[in-house]
Amino acid sequence: MNLSAKTVVLIAIGAALYGIGGLPMFGIPVFANTTLKPAMAVLALFGVLFGPFVGFMVGFIGHWVTDLFAGWGVWITWVLGSGIVGLLIGLYPKITKERIEKGLFSKWDFTLFVLLAFIGNVVGYGCSAFLDAVLYAEPFTKVLAQLTIIAAGNTLLIAIVGHFILTSVAKRKQQSYNLKEAD
């Protein structure tokens, strides 16, 4: 795989923002090492704007950074979960035929965005919860509670912040898209 310099820079910036923004000091602790973090909006934004590969890498590397700096060790199961969340939300431009690049962001587009955020959180962190139960013998009820809280909380957070950001991005793209060369 040959990555462009732009892609590498996007991943580095996104992972740094997600990683630092995911630290406990910026989040809301909710349950047993489970924190709602505004950085999830960063992950969603990078996935939507730059696709599934960038979304996966931002989630994977960014969560790794969070775990390293938070001091509780790297939980590879949850690192993988964040990567999967970014990957699934990153399918948005392909599904919408890159409508946001044309400056379009309808109610249907927003609904699809929220649906992908929910599916991404359930699948991504569902894998994390399952792997924690199998590999680390974490109690199933604990990981199920973590999954439920995180999937609902992250989806709500991504929906609220994402609506404002994506509406702004669409407006900006619309202005650029409608520019015509002078005669």
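Residues are numbered from 1 along each chain as its sequence is written, and side-chain values use heavy atoms, with hydrogens and water left out. Because the model is predicted, local features need pLDDT of at least 70 and side-chain atom pairs count only at pLDDT 80 or more, while totals for chains, interfaces and linings use all residues.

## Helix packing

Two packed helices are described by the angle between their axes and the distance between the axes. Helices here are DSSP runs (H or I, at least four residues), numbered from the N terminus. Axes are lines fitted to C-alpha atoms over the stretch in contact, and angles run from 0 to 180 degrees between N-to-C directions.

| Helix pair | Angle | Axis distance |
|---|---|---|
| H2 and H3 | about 160 degrees | 7 Å |
| H3 and H4 | roughly 150 degrees | within 6 Å |
| H4 and H6 | about 160 degrees | 8 Å |

Start with H2 (residues 39–50) and H3 (residues 52–70), whose axes pack at an angle of about 160 degrees. The two helices are therefore roughly antiparallel to each other (an angle over 145 degrees). H2 passes H3 in a right-handed crossing (the near helix is turned clockwise from the far one by less than a right angle). On the H2 side, the contact (heavy atoms within 4.5 Å) is made by Leu 43, Phe 46, Gly 47 and Phe 50. H3 contributes Pro 52, Val 54, Gly 55, Val 58 and Gly 59. Six of these contact residues are nonpolar, three are polar and none is charged. Here Ala, Val, Leu, Ile, Met, Phe, Trp, Tyr, Cys and Pro count as nonpolar, Asp, Glu, Lys and Arg as charged, and the others, Gly among them, as polar.

Next come H3 and H4, with axes that come within 6 Å and cross at roughly 150 degrees. H3 and H4 are therefore roughly antiparallel. H3 passes H4 in a right-handed crossing. From H3, the contact residues include Gly 55, Gly 59, His 63 and Trp 64. From H4, they include Val 79, Ser 82, Gly 83 and Leu 87. This contact divides into 10 nonpolar residues, six polar and one charged.

The contact of H4 with H6 holds 16 nonpolar residues, seven polar and one charged.

## The core

In soluble globular proteins, nonpolar side chains tend to be buried together. In this model, the largest nonpolar core has 33 residues. Such a core is a set of buried Ala, Val, Leu, Ile, Met, Phe, Trp, Tyr and Cys residues joined through side-chain atoms within 4.5 Å. Those with the most contacts inside the core are Tyr 18, Met 40, Ile 89, Tyr 92, Phe 113, Tyr 125 and Ile 158. Helices H1 (5–21), H2, H3, H4 (76–89), H6 and H7 each supply at least two core residues. H7 gives the most, with eight.

Ile 89 shows some of the neighbours. Not counting residues up to four places away in sequence, Ile 89 touches Ala 44, Gly 47, Val 48, Phe 113, Leu 116, Ala 117 and Ile 158.

## Single residues

Gly 59 lies in H3. With a relative accessible area of 0%, Gly 59 is buried. Buried means under 20% relative accessible area, exposed over 50%, and partly exposed in between (1.4 Å probe, protein chains only). Beyond four places in sequence, Gly 59 is in contact with Tyr 18, Leu 43, Val 79, Ser 82 and Gly 83.

Leu 49 sits in H2. Leu 49 is partly exposed, at 22% relative accessibility. Leaving aside neighbours within four places in sequence, Leu 49 is in contact with Glu 101 and Val 169. Leu 49 and Glu 98 are 49 residues apart in sequence and 8.9 Å apart in space, C-alpha to C-alpha.

The loop between H5 and H6 holds Thr 96. Thr 96 is buried, at 5% relative accessible area. Lys 97 is placed in the loop between H5 (92–95) and H6 (107–135). Lys 97 is exposed, at 66%. Phi of Lys 97 is near 55 degrees, a positive value in a residue other than glycine.

Ala 137 also has phi near 55 degrees, a positive value in a non-glycine residue. Its place is in the loop between H6 and H7 (140–177). Ala 137 is exposed, with a relative accessible area of 63%.

Note on methods:
Parallel < 35°, antiparallel > 145°, perpendicular 65-115°, else oblique.
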